[in-house]
Amino acid sequence: MFIYKSFRQIWLTGNIQGCLLFVCFLLITTSCGQQSKGFLSSSAYNKAVDTATIMYDNGHHKAAVNYLDSAFRHSSNLSFKQVYNYYYFIYNYASHIKADRKMALLYADSMLNVFDTPEKKLKFTSEYGQAHLAKGDVLFDEHRYNEAYGYFYEGKVIANNNLDECTMGDYSYRMGMILYKQEHYSRAAEYFKESFDETRSCEGNFNYFYRRQELLNNIGLSYSKMLMNDSAMYFYNKALDYINDNTARFKDRPQMGEVSKGVVYGNMADISIRQKDYNKAKSLLRKSIAINLRKGNDNNDAQHSELKLASIYDRQNLNDSLLNLLNIISLQFDSVQSRETKQNWHLLMSNYFEKQNNHQQAMTHYKQYDELKNIIVNENKKLKEADVAEQVKSLEKDNEFNNLKKNNELQHIYLRVTVVFALMLIIIISLVFLNWQKSKKNIKTLGSLNNQINHQNHHLESALRDLKLNNQEKDRILRTVAHDLRNPIGGIASLTSVMTEENYSDEQKELLNIIRETSFNSIELINEILEATESASAILHKEAVEVNSLLSNSVELMRFKAAEKQQIINTFLLNSPLEIYISREKIWRVISNLISNAIKFSPEGSAILVMAIDLENEIQISVKDHGIGIPEKLKNQVFNMFTDAKRPGTAGEKSFGLGLSICKQIIEDHNGRIWFESDTENGTSFNFTLPKN
């Protein structure tokens, strides 16, 4: 069975927590009512969004929507993203919980209408692409397939133009789902695989993790429909391994992992049924039912598994067990509505009464089965008749035609500009000729000025030599002072560490701890000063170093430091081993420094990505975090030695501002480049390149 839910997954965590949240909701809404004459600030609205999200995730969907709607109407000066996310929140509720297509279409249009300027479309490309996919989903549910494909394709074009792989993965997922429903299982499996690869960098987000396990399950389902049992089992097991490997990352949502496992167990049972291994199939189905029949879990999937189990009882002529299970399923029809389930239930009831020689009851149920079957076939007929490949090909041709039309218009503009430039060139040549005649008179004057410049250059060269000597003397003095200070300050640190164990008063111990902490910070600063001065004068000792090995070793050495803040470090290495000629120790120092900064300036529990990219003539290494980012006013200072752009870490870690200056010096000594991209919302990405030769 497919898992086709909203991106914000829904589950219940228990009656007690639900009651507490509902009480909080009543208190908050009462407070809002008392202040209805005023307006919520942007930050206050964000808190309201967090509260509504918690309520929604705990199953209080309507209350969450009402609360957020009230907060939205009582807010002012909201940002573009806040408005967009409000519409997206209500859209998810209308589409996936309320199943109100008219309301969902209204909010999908609202999501698109907020992109009322070209600047917004260019700045918020990911949201713009997702808005098209959302409207396509509603149109698809309304069986307006050609319109839906148009919006799906437009979302793909937007994502492709902006290298948005997460949205590209969402598009491929939808194409796979459509092809599966059309029973084109081989092509559906290819789209599911493509979506899994495209969303690889997005799995730090829970919604994409949940989508990726579903994709593995869907690939297995596609192979199962093609009777390729071994391939199907391979991907089912891969889905289970993926869920187990990532459970620890989302400890606050363990129930969703169990729901996913229950779905996979039910799908694995299909293969055992096909192979007539009924004992194994019954074991898998009972495990699936036990998980998903719980309140808040996927009850619809549990009902599907119950019907599969009933079909086994039917095959084995276990008539009492069959009737008992079918009666249990019938009690669930009030809460779980599915035509496919009722269709199969009536067929099994017909089989049961046929075996009991009760032909009248058997015929009654068979007629109801046949009616439901005809309704389902007619509903799916239009979808199956639609040629997705042909529709996409037509959309691609339209897009290509529009691009050619735009190019033709640009060529006309270029031609006009060329004519204008030609006229300007004639005018310029005329002016140059006139000026050339005048310039003869100035040559003598320029000659004398040139002599003066040469004389000044001589003085500048002399000043540069003096400056270089002064700089060397400065480094020598810094090293001397640092060496002379390190031992006595180290002694102070050691002595205060011992003294804290003595029987002093609390106030005295607090003062000793301050002295000790200050001493350790001073030693760290001294070490960075020594490192900076030595790096400036040290000779590089290069050797052949394998990139993947160096990167893996550097990351492994930093994992323990990340673990102190419950952070994880993900690595994406080169596809094949590659050696470059570098100083192993100095490049290791750069990588370690960048990872250490990412750990220092990221919140607890966040993810850090370390990635190697093979370019044409060089290797690029990137360290990306989701931390506090670098303010705009400090960006021009981060690579300066003794910069003022130093801030404490998210856990109060000390920073001296020398590390990035040293990194820049090392990379430039290797003829490489180092830069960063940062903002206070999405974190920071430091990148550097090293030449291959």
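Which hand does the crossing of α22 and α23 have, left or right? In this predicted model, the crossing of these two helices, α22 and α23, is left-handed. Helix α22 comprises residues 584-600 and helix α23 residues 659-669, and their axes come within 10 Å of each other while crossing at roughly 145°. On the side of α22 the contact is made by Lys586, Ile587, Arg589, Val590, Asn593, Leu594 and Asn597, and on the side of α23 by Gly659, Leu660, Cys663, Ile666 and Ile667.

Of the 693 residues of the protein chain, 43% count as buried. When contacts between residues at least 6 apart in sequence are considered, 67% of them join residues that are at least 24 apart.

A further helix pair is formed by α3, which covers residues 61-73, and α4, which covers residues 80-97; their axes come within 11 Å and cross at roughly 155°. Because of this angle, α3 is roughly antiparallel to α4, an arrangement for which the angle has to be over 145 degrees. The crossing of α3 and α4 is left-handed. Helix α3 contributes His61, Lys62, Ala64, Val65, Leu68, Asp69 and Phe72 to the contact, whereas α4 contributes Val83, Tyr86, Phe89, Ile90, Tyr93 and Ile97. The residues of the contact of α3 with α4 divide into 10 that are nonpolar, one that is polar and two that are charged.

The loop between α4 and α5 (101-113) contains Ala99, a residue that is not a glycine and yet has a positive phi of about 55°. With a relative accessibility of 58%, Ala99 counts as exposed, since the cut-off for that class is over 50%. Another positive phi, of about 65°, is found at His143, which is likewise not a glycine. His143 is placed in the loop between α7 (125-141) and α8 (145-161), and its relative accessible area of 30% makes it partly exposed.

Helix α14, made up of 15 residues (278-292), reaches 21 Å from its first C-alpha to its last, close to the 21 Å expected at 1.5 Å a residue. In α14 the buried residues are Tyr278, Ala281, Lys282, Leu284, Leu285, Ser288, Ile289, Ile291 and Asn292, and what covers them includes α13 (254-274) and α15 (299-315).

Helix α16, which spans residues 319-331, contains Ser321. The relative accessibility of Ser321 is 32%, so that this residue counts as partly exposed. Although Ser321 and Leu309 are 12 residues apart along the chain, their C-alpha atoms are separated by 9.8 Å.

Conventions: Residues numbered from 1 in each chain as written. Predicted model: local features only at pLDDT ≥ 70, side-chain atom pairs only at ≥ 80, totals over all residues. Heavy atoms only, no water. Axes fitted to C-alpha atoms, helices over the stretch in contact; angles between N-to-C directions. Helix = DSSP H or I, 4+ residues; strand = E, 2+ residues; numbered from the N terminus. Parallel < 35°, antiparallel > 145°, perpendicular 65-115°, else oblique. Left-handed = near helix turned anticlockwise from the far one by under 90°. Contact = heavy atoms within 4.5 Å. Nonpolar A, V, L, I, M, F, W, Y, C, P; charged D, E, K, R; others polar. Expected span 1.5 Å × (residues − 1). Buried < 20%, exposed > 50% of the residue type's maximum accessible area, 1.4 Å probe, protein only.
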